[in-house]
Amino acid sequence: MLKRVPAAFAMAALCVTLIAPQARANPATETFIQQNFDKGYQILNNMALSDADRRRQFRDLLLELAATRRIALFTLGTYAMGAAPTAVDDYVEAFKKYSIAVYERGLNRYEGQALKVTGSTDRAADDSVVQAEITSPNEASKRPVKLGFRVRKSETGAPTITDLLLDGVSLATTERDEFTSYLKSHDGSIPELTKRLVTMAENPQAPN
């Protein structure tokens, strides 16, 4: 059975347990997260845009921010090795659509709230974790949701999000565990997992 990712994970454009590093990350990495998630909220809350334009702009932003192919391959685990290239490419496209749907629903859930970067740490020269909180101005006493964004460099040297952590738990690792469990019970069929992700992206109420 393929479980749904908790909506709180959806805060953001996806890999290991968060370890307490010793060096502060470059402030530019924090700015990268803050500015782009502010932009995401602005897009989703811009009522001057049509629903189609909102979804298109949000999709483009997420695809720009997240290393979706890299994350998709990670979530396949050992099943990615030796798989037919066409099956992998189809899976990556389905994973992109699924991830965008999850992130969009997550941000909508936190409408009226704000994401605030609180700090960052370096794991390596090109590997940082940016800490952030989701807070509500109308519920100051409510415990903020704590997130971590793992940021690495893309092939072009630009910052890109490769994982999201909720209270130290990796979304990419959680998805890998769920997906590989599904593959194990479906004869290792990547096309079957691909179809399942397409269904979940298009119909969030579909049974698992």
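This is a predicted model: local features need pLDDT of at least 70, side-chain atom pairs count only at pLDDT 80 or more; totals for chains, interfaces and linings use all residues.
Residues are numbered from 1 along each chain as its sequence is written, and side-chain values use heavy atoms, with hydrogens and water left out.

**View 1. Helix α2 lines up its buried residues on one face.** Helices here are DSSP runs (H or I, at least four residues), numbered from the N terminus, just as strands are (E, at least two). Helix α2 covers residues 51-65, and its 15 residues should span 21 Å at 1.5 Å a residue, which agrees with its end C-alpha atoms being 21 Å apart. (The expected span is 1.5 Å times one less than the number of residues.) Arg54, Phe58, Leu61, Leu62 and Leu65 are the buried residues of α2. Look down the axis of α2 and these buried residues fall within an arc of 95 degrees, so they line one face of the helix. Buried means under 20% relative accessible area, exposed means over 50%, and partly exposed is in between (1.4 Å probe, protein chains only). The arc is that of the directions from the helix axis to the C-beta atoms.

**View 2. Helix α3 and the glycine after it.** Thr68, Ile71, Ala72, Thr75 and Leu76 are buried in helix α3 (residues 68-76). They cover an arc of only 145 degrees around the axis, which puts them on the same side of α3. Here's the answer to the opening question: glycine 77 follows α3, and its phi is positive, near 60 degrees.

**View 3. An aromatic cluster made of Tyr91, Phe95, Tyr98 and Phe179.** The structure holds four aromatic pairs. One of them joins tyrosine 91 and phenylalanine 95, a tilted pair at 6.1 Å centre to centre with 35 degrees between the planes. Rings of Phe, Tyr and Trp (its six-membered ring) pair if their centres lie within 6.5 Å; planes under 30 degrees apart count as stacked, over 60 as edge-to-face and the rest as tilted. Because tyrosine 91 and phenylalanine 95 sit four residues apart in helix α4 (residues 85-109), about one helical turn separates them. Tyrosine 91 is buried at 0% relative accessible area, and phenylalanine 95 is buried too, at 0% relative accessibility. Phenylalanine 95 also pairs with phenylalanine 179, this time edge-to-face: 6.4 Å centre to centre and 85 degrees between the planes. That pair links distant parts of the chain, with phenylalanine 95 in helix α4 and phenylalanine 179 in helix α5 (residues 171-184), 84 residues apart. Phenylalanine 179 counts as buried, at 1% relative accessibility.

**View 4. Alanine 201 in helix α6.** Helix α6 (residues 190-202) is where you'll find alanine 201, and this residue is buried at 18% relative accessibility. Its contacts (heavy atoms within 4.5 Å), leaving aside neighbours within four places in sequence, are Lys97, Tyr98, Ala101 and Arg105. The C-alpha atoms of alanine 201 and lysine 97 are separated by 6.2 Å, though the two residues are 104 residues apart along the chain.
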